Amino acid sequence: MLSPIPLVPPVTTTVLLVSSITLAYLHTSSDLCNYRAVATPRSQPVQGSFDLEPIRRSTSRERTSDLVLQQLQDAIRDLRLAPGTELSESALSQRFGVSRTPVREALAKLVDAGLVHVTPQVGTRVARIRPDDVRQAQFVREHLELGAFEAACARTDLSTERLHHLLDEQREAYDDGNDELFFASDEALHRTIFELARYPGVWDVVQGHKLQLDRLRRLALPDRSTTRELIAEHAQIVEALDNSDVPGGRDITCKHLRRALTYLPRLRDTHPTFFTDQ
């Protein structure tokens, strides 16, 4: 594995909005910027250095650009690539051990997804978090998950054993201070609700919309009181499924999924460089 890239002092950059943003990316010289992470205030969880693994295809059917995209998307989602991080096409191709073409294709898709922004003639950066994008993602997720909850409750053969196992896993993660395990188990619990509703493909739709929301959630995770409250709400959701309690389940699901929006003012004050209204 290549050595991690160290953090450097933050650089202030104005992100411009342009039309045909993907085309703008493809015509931007990526050599105008170096690949480095923006240093964050002491209270922020992104510290030290981060790793991106060289690309290794396990089958001939895997597209290199898709593997690059997945790694970059995951690193942006979990804040290893913090909002505002500068990205260099040439440095990324060296990091992944691939040509620049799959990196260019992956970055173009991230631009389309709103996770990367381009300033023409300046460079490419991880997009800062837009509160409006977070609100829209939360709206999509809430309405789809409420439907999944009701569909799961309607089953006469519903088994919540898997959900109870995930609750135990979350409590263990909390006791151990393991934020990574908690986040993965949190995701698995919500995905399982869609599977119990027999709509697993809808979870994929939710995933595609909530990348911005996930970044906000990751910022909030180091707060142990927040994690404890999330586990309590998960337990109430599972109890409502156990009892086929649709009204009670809808109420707690709405409260739970809207919680992220209540984080916005506090997190924006704590991490001002991570957010933008543009």
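## Exercises on a predicted model

Arg191 is partly exposed, with a relative accessible area of 30%. Keep in mind that this is a predicted model. Let's work through some exercises together.

**Exercise 1. Find the salt-bridge partner of Arg191 and say where the two residues lie.**

Step 1. Arg191 forms a salt bridge with Glu195, and their closest N and O atoms are 3.6 Å apart.
Step 2. Both residues lie in helix α7, four residues apart, about one turn of the helix.
Step 3. An α-helix has 3.6 residues a turn, so residues three or four places apart point the same way.
Step 4. With a relative accessible area of 40%, Glu195 is partly exposed.

**Exercise 2. Decide whether Arg77 and Asp74 are buried or partly exposed.**

Step 1. Buried means under 20% relative accessible area.
Step 2. Arg77 has 13%, so Arg77 is buried.
Step 3. Asp74 has 28% and therefore counts as partly exposed.
Step 4. The two side chains meet in a salt bridge, 3.2 Å from N to O, and both residues lie in helix α2 (residues 64-77).

**Exercise 3. Follow the salt bridge of Lys210 into its network.**

Step 1. The side chain of Lys210 meets that of Asp214 in a salt bridge of 2.8 Å, N to O.
Step 2. Lys210 and Asp214 are both buried.
Step 3. For the whole structure, the count of salt bridges comes to 26.

**Exercise 4. Check the length of helix α10 and find what its buried residues pack against.**

Step 1. Helix α10 covers residues 224-242, which is 19 residues.
Step 2. At 1.5 Å a residue, α10 should span 27 Å.
Step 3. The end C-alpha atoms are 27 Å apart, so the two values agree.
Step 4. Among the buried residues of α10 are Leu230, Ile231 and His234.
Step 5. The buried residues of α10 pack against α5, α6, α7, α9 and α11.
Step 6. Gln170 lies in helix α6, and its contacts include Ile231 and His234.
Step 7. Gln170 counts as buried because its relative accessibility is 0%.

**Exercise 5. Work out the strand order of the three-stranded open sheet and name its edge strands.**

Step 1. The order is β3-β5-β4, with antiparallel pairing.
Step 2. The edge strands are β3 (86-87) and β4 (116-119), each pairing on one side only.
Step 3. β4 pairs with β5 (residues 123-126) over four bridges, and Thr119 stands opposite Gly123 in β5.

Conventions:
Residues are numbered from 1 along each chain as its sequence is written. This is a predicted model: local features need pLDDT of at least 70, side-chain atom pairs count only at pLDDT 80 or more; totals for chains, interfaces and linings use all residues. Side-chain values use heavy atoms; hydrogens and water are left out. The expected span of a helix is 1.5 Å times one less than its number of residues. Buried means under 20% relative accessible area, exposed over 50%, partly exposed in between (1.4 Å probe, protein chains only). Contact means heavy atoms within 4.5 Å. Two strands pair if DSSP finds at least two bridges between them. A salt bridge is a side-chain nitrogen of Lys or Arg within 4 Å of a carboxyl oxygen of Asp or Glu.
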